[in-house]
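Student: I would like a close look at one part of this model, taken slowly and in one piece.

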Amino acid sequence: MAPTETQSQGQPVNLSSLPIPQLTSIKNQLTQELQHLTNSFTQLRAAQTKFRDCITSIRNGVEKGEKREGTGFYVEKTPPAAQLFYTSKVDELGKNLKDLEKIVHGKQGSLNVVEDVLRQKMINESTTSSHDAKGGGGNG
């Protein structure tokens, strides 16, 4: 079975049938997407750590928790309410991180397939061109 990559329209494409420049373009696009997703993953993990630090601060005796609302205002919360808020944020980010991790693994798998097909095509092209340069089976 030939390796395939899904296009945006959802139709599978036989990667082996694509020319090297197009495969290179797909590889570059997947690499950029993977880099962006990895950066997002790192930022989400950092946010999760900050929320955990907030929970630790509350447990260590902060009397009132303040959280900044999306409106730019601060809202005071009791320690249990603030702890509940930050715990829900940690859990929500954890779910998002798991979902993002699956996407990253999928993109990495797609990138590996494209790289394998590209590598094979380049080997085949180099073998064909070197064979042709030697006279390729003529009666000489």
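Which residues in the largest nonpolar core touch the most other members?

Tutor: The model is a predicted one. Its largest nonpolar core has 15 residues, and those that touch the most other members are Leu 15, Leu 18, Leu 23, Ile 26, Leu 30, Val 104 and Val 114. Two elements give two or more residues to this core: helix H1 (20-59) and helix H2 (79-133). Apart from it lies another core, of five residues, which include Ile 55, Ile 58, Tyr 86 and Val 90.

Helix H1 can be followed through its buried positions, which are Ile 20, Leu 23, Ile 26, Leu 30, Leu 34, Leu 37, Gln 48, Ile 55 and Ile 58. The end C-alpha atoms of H1 are 58 Å apart, which agrees with the 58 Å that its 40 residues should span at 1.5 Å a residue. Just after H1, Gly 61 has a positive phi of about 105 degrees.

The structure has two aromatic pairs. In one, Phe 51 and Tyr 86 are tilted, at 5.7 Å centre to centre with 35 degrees between the planes. This pair links distant parts of the chain, since Phe 51 lies in helix H1 and Tyr 86 in helix H2, 35 residues apart. Tyr 86 counts as buried because its relative accessibility is 10%, against a cut-off of under 20%. Phe 51 has a relative accessible area of 22% and is therefore partly exposed. Phe 85 and Tyr 86 make an edge-to-face pair, 5.1 Å centre to centre and 70 degrees between the planes.

Definitions and conventions
Residues are numbered from 1 along each chain as its sequence is written. This is a predicted model: local features need pLDDT of at least 70, side-chain atom pairs count only at pLDDT 80 or more; totals for chains, interfaces and linings use all residues. Side-chain values use heavy atoms; hydrogens and water are left out. A nonpolar core is a set of buried Ala, Val, Leu, Ile, Met, Phe, Trp, Tyr and Cys residues joined through side-chain atoms within 4.5 Å. Buried means under 20% relative accessible area, exposed over 50%, partly exposed in between (1.4 Å probe, protein chains only). Helices (H or I, at least four residues) and strands (E, at least two) are DSSP runs, numbered from the N terminus. The expected span of a helix is 1.5 Å times one less than its number of residues. Rings of Phe, Tyr and Trp (its six-membered ring) pair if their centres lie within 6.5 Å; planes under 30 degrees apart count as stacked, over 60 as edge-to-face and the rest as tilted.
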